[in-house]
Amino acid sequence: MRRRHFYLTFFLLLGLPLHIVGQPGQRFAELGDFRLESGAVIHECRIGYRTFGELDAQKSNAILFPSWFGGTTEDLIPLIGPGKLVDSTKYFVIAVDAFGNGVSSSPSKSRVQAGDSFPEFSIRDMVNAQHQLLTKVLGISHLRAVMGISMGGMQTFQWMVSYPDFLGRAVPIVGSPRLASNDLLLWQAEMRAIEGVRQCRCGEEEAMRTVALIHQFALYTPQHRVNQTSHDAFPQFLKEIDAGFPRRFHSKNWASQLRAMMSHDVSAPFAGSLQKAASAVQAQVLVVVARQDHMVNPQPALEFAKLLNAETLELASDCGHIAVSCERDRVAQ
(Lines give C-alpha, C1' and ligand atoms only; values in the text may rest on other atoms or scores of the structure.)
Protein backbone atom coordinates (compact mmCIF):
# COMPACT_ATOMS: atom_id res chain seq x y z
CA MET A 1 0.00 0.00 0.00
CA ARG A 2 2.88 2.39 0.80
CA ARG A 3 4.46 1.68 -2.59
CA ARG A 4 1.21 2.43 -4.44
CA HIS A 5 0.75 5.61 -2.41
CA PHE A 6 4.29 6.71 -3.27
CA TYR A 7 3.81 6.46 -7.02
CA LEU A 8 0.44 8.18 -6.93
CA THR A 9 2.07 11.03 -5.00
CA PHE A 10 4.42 11.82 -7.84
CA PHE A 11 1.98 11.31 -10.67
CA LEU A 12 -0.95 13.12 -9.02
CA LEU A 13 -3.31 10.42 -10.19
CA LEU A 14 -5.78 11.20 -7.44
CA GLY A 15 -6.14 7.65 -6.17
CA LEU A 16 -6.57 5.90 -9.53
CA PRO A 17 -4.37 3.23 -11.14
CA LEU A 18 -1.50 4.18 -13.42
CA HIS A 19 -2.70 2.24 -16.48
CA ILE A 20 -6.27 2.62 -17.64
CA VAL A 21 -7.82 0.14 -20.07
CA GLY A 22 -9.14 1.77 -23.23
CA GLN A 23 -7.27 5.03 -22.74
CA PRO A 24 -7.12 7.48 -25.69
CA GLY A 25 -4.04 7.03 -27.83
CA GLN A 26 -1.04 9.32 -27.88
CA ARG A 27 -1.02 11.66 -30.88
CA PHE A 28 1.53 14.17 -32.17
CA ALA A 29 1.41 17.47 -34.00
CA GLU A 30 4.44 18.38 -36.10
CA LEU A 31 5.12 22.14 -35.85
CA GLY A 32 8.32 22.24 -37.91
CA ASP A 33 10.86 24.82 -36.79
CA PHE A 34 9.24 26.53 -33.81
CA ARG A 35 10.65 29.94 -32.86
CA LEU A 36 10.83 30.65 -29.13
CA GLU A 37 10.37 34.06 -27.54
CA SER A 38 14.14 34.18 -26.99
CA GLY A 39 14.71 33.94 -30.74
CA ALA A 40 16.06 30.39 -30.49
CA VAL A 41 14.40 27.64 -32.53
CA ILE A 42 13.24 24.14 -31.63
CA HIS A 43 13.89 22.20 -34.83
CA GLU A 44 11.50 19.42 -35.83
CA CYS A 45 9.20 20.56 -33.04
CA ARG A 46 6.42 18.19 -32.05
CA ILE A 47 3.66 18.41 -29.48
CA GLY A 48 2.06 15.36 -27.91
CA TYR A 49 -1.65 15.39 -27.17
CA ARG A 50 -4.72 13.23 -26.56
CA THR A 51 -8.38 14.04 -27.17
CA PHE A 52 -11.43 12.92 -25.19
CA GLY A 53 -15.11 13.27 -26.14
CA GLU A 54 -16.48 14.89 -29.26
CA LEU A 55 -16.24 18.41 -30.64
CA ASP A 56 -19.72 19.83 -31.22
CA ALA A 57 -20.82 21.28 -34.57
CA GLN A 58 -20.18 24.85 -33.41
CA LYS A 59 -16.73 23.94 -32.03
CA SER A 60 -17.82 25.57 -28.78
CA ASN A 61 -17.11 22.85 -26.20
CA ALA A 62 -13.32 22.46 -26.39
CA ILE A 63 -11.31 22.49 -23.16
CA LEU A 64 -7.51 22.53 -23.05
CA PHE A 65 -5.78 20.61 -20.22
CA PRO A 66 -1.95 21.01 -20.21
CA SER A 67 0.28 18.61 -18.27
CA TRP A 68 1.92 19.45 -14.93
CA PHE A 69 5.61 19.56 -14.03
CA GLY A 70 7.18 16.26 -15.07
CA GLY A 71 3.76 14.88 -16.01
CA THR A 72 2.35 13.61 -19.29
CA THR A 73 -1.09 13.42 -20.86
CA GLU A 74 -1.21 9.77 -19.81
CA ASP A 75 -1.16 10.99 -16.20
CA LEU A 76 -4.18 13.21 -16.92
CA ILE A 77 -6.41 10.36 -18.11
CA PRO A 78 -7.86 9.49 -14.66
CA LEU A 79 -8.98 13.13 -14.21
CA ILE A 80 -11.12 13.21 -17.35
CA GLY A 81 -14.62 11.73 -17.57
CA PRO A 82 -18.05 11.80 -15.87
CA GLY A 83 -17.81 12.95 -12.24
CA LYS A 84 -14.14 13.88 -12.57
CA LEU A 85 -12.38 17.23 -12.99
CA VAL A 86 -13.68 17.64 -16.54
CA ASP A 87 -16.52 15.65 -18.10
CA SER A 88 -15.64 14.34 -21.57
CA THR A 89 -19.26 13.36 -22.23
CA LYS A 90 -20.05 17.09 -22.32
CA TYR A 91 -16.79 18.63 -23.49
CA PHE A 92 -14.12 17.96 -26.08
CA VAL A 93 -11.01 17.74 -23.90
CA ILE A 94 -7.58 18.28 -25.41
CA ALA A 95 -4.85 17.10 -23.04
CA VAL A 96 -1.46 18.39 -24.17
CA ASP A 97 2.10 17.41 -23.27
CA ALA A 98 4.27 20.38 -22.28
CA PHE A 99 7.74 20.90 -23.72
CA GLY A 100 10.38 19.04 -21.72
CA ASN A 101 8.17 16.22 -20.44
CA GLY A 102 9.82 13.53 -22.56
CA VAL A 103 6.83 13.20 -24.91
CA SER A 104 6.69 16.59 -26.62
CA SER A 105 9.98 18.09 -27.83
CA SER A 106 12.46 17.64 -24.98
CA PRO A 107 16.22 17.44 -24.38
CA SER A 108 15.90 13.65 -24.11
CA LYS A 109 13.79 13.23 -27.27
CA SER A 110 15.19 15.63 -29.88
CA ARG A 111 16.90 14.02 -32.86
CA VAL A 112 18.83 17.17 -33.81
CA GLN A 113 19.13 19.10 -30.49
CA ALA A 114 19.61 16.45 -27.85
CA GLY A 115 20.78 17.12 -24.32
CA ASP A 116 22.47 20.43 -23.57
CA SER A 117 22.00 21.66 -27.16
CA PHE A 118 18.22 21.80 -26.68
CA PRO A 119 17.20 25.49 -26.42
CA GLU A 120 15.77 26.94 -23.22
CA PHE A 121 12.03 27.54 -23.39
CA SER A 122 9.46 29.35 -21.25
CA ILE A 123 5.92 28.79 -20.05
CA ARG A 124 4.91 31.37 -22.66
CA ASP A 125 6.58 29.23 -25.35
CA MET A 126 4.57 26.21 -24.19
CA VAL A 127 1.36 28.23 -24.55
CA ASN A 128 2.32 29.60 -27.98
CA ALA A 129 2.96 26.05 -29.21
CA GLN A 130 -0.41 24.93 -27.84
CA HIS A 131 -2.06 27.83 -29.69
CA GLN A 132 -0.49 26.57 -32.91
CA LEU A 133 -1.72 23.04 -32.17
CA LEU A 134 -5.27 24.32 -31.72
CA THR A 135 -5.44 26.71 -34.65
CA LYS A 136 -3.25 25.06 -37.29
CA VAL A 137 -3.74 21.37 -36.53
CA LEU A 138 -7.13 20.98 -34.84
CA GLY A 139 -8.88 23.95 -36.46
CA ILE A 140 -10.12 25.39 -33.16
CA SER A 141 -10.37 29.19 -32.89
CA HIS A 142 -11.86 29.46 -29.40
CA LEU A 143 -11.77 27.44 -26.18
CA ARG A 144 -14.58 27.06 -23.72
CA ALA A 145 -11.91 26.79 -21.02
CA VAL A 146 -8.27 26.18 -20.13
CA MET A 147 -7.49 24.27 -16.95
CA GLY A 148 -4.33 22.84 -15.44
CA ILE A 149 -2.65 21.66 -12.26
CA SER A 150 0.68 22.93 -10.86
CA MET A 151 2.81 23.85 -13.91
CA GLY A 152 -0.40 23.28 -15.88
CA GLY A 153 -1.91 26.03 -13.71
CA MET A 154 1.01 28.29 -14.64
CA GLN A 155 0.25 27.63 -18.30
CA THR A 156 -3.39 28.47 -17.59
CA PHE A 157 -2.43 31.84 -16.09
CA GLN A 158 -0.27 32.47 -19.15
CA TRP A 159 -3.14 31.62 -21.50
CA MET A 160 -5.27 34.29 -19.79
CA VAL A 161 -2.89 37.08 -20.72
CA SER A 162 -1.30 35.75 -23.94
CA TYR A 163 -4.58 34.98 -25.72
CA PRO A 164 -7.26 36.76 -23.66
CA ASP A 165 -10.03 36.53 -26.29
CA PHE A 166 -9.32 32.87 -27.11
CA LEU A 167 -10.81 31.34 -23.94
CA GLY A 168 -14.08 31.82 -22.12
CA ARG A 169 -13.01 30.37 -18.77
CA ALA A 170 -9.80 29.59 -16.92
CA VAL A 171 -9.24 27.27 -13.97
CA PRO A 172 -5.64 27.34 -12.70
CA ILE A 173 -5.21 24.76 -9.93
CA VAL A 174 -2.29 25.12 -7.47
CA GLY A 175 -0.51 27.21 -10.10
CA SER A 176 0.89 30.74 -10.04
CA PRO A 177 1.07 33.82 -12.29
CA ARG A 178 4.70 34.18 -11.14
CA LEU A 179 6.62 32.31 -8.48
CA ALA A 180 7.07 33.50 -4.92
CA SER A 181 10.55 33.68 -3.38
CA ASN A 182 10.02 30.45 -1.44
CA ASP A 183 9.11 28.63 -4.66
CA LEU A 184 12.25 29.95 -6.32
CA LEU A 185 14.29 28.74 -3.33
CA LEU A 186 12.96 25.21 -3.79
CA TRP A 187 13.46 25.07 -7.56
CA GLN A 188 16.93 26.61 -7.31
CA ALA A 189 17.89 23.88 -4.81
CA GLU A 190 16.75 21.20 -7.27
CA MET A 191 18.61 22.88 -10.14
CA ARG A 192 21.83 23.10 -8.13
CA ALA A 193 21.49 19.45 -7.16
CA ILE A 194 21.29 18.46 -10.84
CA GLU A 195 24.15 20.72 -11.88
CA GLY A 196 26.33 19.68 -8.92
CA VAL A 197 25.96 15.97 -9.59
CA ARG A 198 26.65 16.52 -13.31
CA GLN A 199 29.88 18.35 -12.49
CA CYS A 200 31.12 15.46 -10.37
CA ARG A 201 30.07 13.09 -13.18
CA CYS A 202 28.25 10.86 -10.74
CA GLY A 203 25.63 9.83 -13.29
CA GLU A 204 22.11 10.65 -14.42
CA GLU A 205 20.44 8.44 -11.83
CA GLU A 206 22.35 9.92 -8.90
CA ALA A 207 21.27 13.44 -9.92
CA MET A 208 17.60 12.48 -9.83
CA ARG A 209 18.03 10.55 -6.55
CA THR A 210 19.09 13.83 -4.96
CA VAL A 211 16.31 15.81 -6.61
CA ALA A 212 13.74 13.20 -5.51
CA LEU A 213 14.42 13.87 -1.83
CA ILE A 214 14.13 17.65 -2.21
CA HIS A 215 10.95 17.29 -4.26
CA GLN A 216 9.30 14.86 -1.87
CA PHE A 217 10.16 17.12 1.08
CA ALA A 218 8.20 20.01 -0.47
CA LEU A 219 5.35 18.02 -2.00
CA TYR A 220 3.45 17.58 1.27
CA THR A 221 3.42 19.49 4.53
CA PRO A 222 5.77 18.33 7.32
CA GLN A 223 2.78 17.33 9.46
CA HIS A 224 1.33 15.17 6.70
CA ARG A 225 4.64 13.36 6.24
CA VAL A 226 4.97 12.76 9.99
CA ASN A 227 1.41 11.41 10.12
CA GLN A 228 1.86 9.14 7.10
CA THR A 229 5.40 7.83 7.63
CA SER A 230 6.57 6.66 11.03
CA HIS A 231 10.20 6.71 12.14
CA ASP A 232 10.46 2.94 11.66
CA ALA A 233 8.83 3.11 8.22
CA PHE A 234 11.20 5.77 6.91
CA PRO A 235 13.91 3.41 5.53
CA GLN A 236 11.35 1.66 3.33
CA PHE A 237 9.88 5.03 2.29
CA LEU A 238 13.36 6.22 1.26
CA LYS A 239 14.01 2.99 -0.61
CA GLU A 240 10.84 3.46 -2.66
CA ILE A 241 11.82 7.01 -3.59
CA ASP A 242 15.27 5.88 -4.71
CA ALA A 243 13.80 3.01 -6.73
CA GLY A 244 11.05 4.84 -8.59
CA PHE A 245 11.88 8.48 -9.20
CA PRO A 246 15.19 8.27 -11.15
CA ARG A 247 13.76 5.79 -13.68
CA ARG A 248 10.69 7.94 -14.33
CA PHE A 249 12.40 11.30 -14.91
CA HIS A 250 15.33 12.45 -17.06
CA SER A 251 17.49 15.12 -15.42
CA LYS A 252 17.84 17.29 -18.54
CA ASN A 253 14.07 17.26 -19.11
CA TRP A 254 13.50 18.04 -15.44
CA ALA A 255 15.98 20.93 -15.56
CA SER A 256 14.40 22.34 -18.74
CA GLN A 257 10.98 22.59 -17.08
CA LEU A 258 12.55 23.96 -13.89
CA ARG A 259 14.04 26.84 -15.90
CA ALA A 260 10.69 27.50 -17.56
CA MET A 261 8.92 27.72 -14.20
CA MET A 262 11.58 29.89 -12.60
CA SER A 263 11.38 32.42 -15.44
CA HIS A 264 7.57 32.36 -15.51
CA ASP A 265 5.97 35.78 -14.99
CA VAL A 266 2.72 36.78 -16.70
CA SER A 267 3.50 40.42 -15.87
CA ALA A 268 6.75 40.51 -17.89
CA PRO A 269 5.16 42.05 -21.03
CA PHE A 270 3.38 44.57 -18.77
CA ALA A 271 6.50 46.16 -17.21
CA GLY A 272 6.27 43.81 -14.25
CA SER A 273 2.78 44.96 -13.22
CA LEU A 274 0.37 42.19 -12.23
CA GLN A 275 -2.41 44.77 -12.21
CA LYS A 276 -1.80 45.60 -15.88
CA ALA A 277 -1.59 41.89 -16.70
CA ALA A 278 -4.89 41.31 -14.92
CA SER A 279 -6.52 44.11 -16.89
CA ALA A 280 -5.82 42.13 -20.09
CA VAL A 281 -7.75 39.08 -18.89
CA GLN A 282 -11.19 38.54 -20.40
CA ALA A 283 -11.97 35.01 -19.21
CA GLN A 284 -14.20 34.05 -16.31
CA VAL A 285 -11.71 32.67 -13.75
CA LEU A 286 -11.76 30.21 -10.86
CA VAL A 287 -8.45 30.11 -8.98
CA VAL A 288 -7.83 26.98 -6.90
CA VAL A 289 -5.03 27.06 -4.31
CA ALA A 290 -3.83 24.99 -1.38
CA ARG A 291 -3.31 27.08 1.76
CA GLN A 292 -0.46 24.87 2.99
CA ASP A 293 1.27 24.48 -0.39
CA HIS A 294 5.04 24.30 0.21
CA MET A 295 5.81 23.85 -3.50
CA VAL A 296 3.81 26.62 -5.21
CA ASN A 297 3.00 29.34 -2.70
CA PRO A 298 -0.66 30.41 -3.04
CA GLN A 299 -0.10 34.13 -2.37
CA PRO A 300 0.65 35.26 -5.97
CA ALA A 301 -2.36 33.35 -7.31
CA LEU A 302 -4.65 34.83 -4.66
CA GLU A 303 -3.32 38.33 -5.33
CA PHE A 304 -3.98 37.89 -9.03
CA ALA A 305 -7.47 36.53 -8.29
CA LYS A 306 -8.17 39.63 -6.21
CA LEU A 307 -7.11 41.89 -9.08
CA LEU A 308 -9.50 39.95 -11.33
CA ASN A 309 -12.33 39.83 -8.77
CA ALA A 310 -12.24 36.11 -9.55
CA GLU A 311 -13.84 33.28 -7.65
CA THR A 312 -11.41 31.29 -5.51
CA LEU A 313 -11.37 27.86 -3.91
CA GLU A 314 -8.92 27.44 -1.02
CA LEU A 315 -8.05 23.88 -0.01
CA ALA A 316 -7.24 23.60 3.67
CA SER A 317 -5.92 20.05 4.17
CA ASP A 318 -2.37 19.29 5.34
CA CYS A 319 -1.64 17.57 2.01
CA GLY A 320 0.21 20.61 0.70
CA HIS A 321 0.69 20.71 -3.07
CA ILE A 322 -1.24 17.43 -3.36
CA ALA A 323 -4.36 18.89 -1.75
CA VAL A 324 -6.12 18.39 -5.08
CA SER A 325 -5.81 14.66 -4.47
CA CYS A 326 -6.84 14.74 -0.82
CA GLU A 327 -9.85 16.97 -1.56
CA ARG A 328 -10.62 15.45 -4.94
CA ASP A 329 -14.41 15.41 -4.61
CA ARG A 330 -14.54 19.05 -3.53
CA VAL A 331 -12.34 20.18 -6.42
CA ALA A 332 -14.25 18.10 -8.97
CA GLN A 333 -17.56 19.55 -7.78
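**View 1. The whole chain.** The chain contains 13 helices and 8 strands; helices (H or I, at least four residues) and strands (E, at least two) are DSSP runs numbered from the N terminus. Its radius of gyration is 19 Å, close to the 20 Å that the globule rule gives for 333 residues, so the chain is as compact as a globular protein of that length. That radius is taken over C-alpha atoms, and the globule rule is 2.2 Å times the number of residues to the power 0.38. The model is predicted: local features need pLDDT of at least 70 and side-chain atom pairs count only at pLDDT 80 or more, while totals for chains, interfaces and linings use all residues. Residues are numbered from 1 along each chain as its sequence is written, and side-chain values use heavy atoms, leaving out hydrogens and water. Of the 333 residues, 56% count as buried (under 20% relative accessible area, with exposed over 50% and partly exposed in between; 1.4 Å probe, protein chains only).

**View 2. Helix H4, residues 151-162.** This helix of 12 residues reaches 16 Å from its first C-alpha to its last, close to the 16 Å expected at 1.5 Å a residue; the expected span is 1.5 Å times one less than the number of residues. H4 is mostly covered, with 11 of its 12 residues buried. Among them are Met151, Phe157 and Trp159.

**View 3. Two tilted aromatic pairs.** The structure holds 11 aromatic pairs. Rings of Phe, Tyr and Trp (its six-membered ring) pair if their centres lie within 6.5 Å; planes under 30 degrees apart count as stacked, over 60 as edge-to-face and the rest as tilted. Phe69 and Trp254 form a tilted pair, 4.2 Å centre to centre with 45° between the planes. This pair links distant parts of the chain, 185 residues apart: Phe69 lies in the loop between strand S3 (62-66) and helix H2 (73-76), and Trp254 in helix H9 (residues 251-263). Both Phe69 and Trp254 are buried. The rings of Trp159 and Phe166 have centres 5.6 Å apart and planes at 40°, so this pair is tilted. Trp159 is buried at 0% relative accessibility, and Phe166 is buried with a relative accessible area of 6%.

**View 4. An aromatic cluster and a charge over a ring.** Phe34, Phe99, Phe118 and Phe121 form one aromatic cluster. Arg46 lies over the face of Phe28, at 3.9 Å from the ring centre. A charge sits over a ring if NZ of Lys or CZ of Arg is within 6 Å of the ring centre and within 35 degrees of the ring normal.
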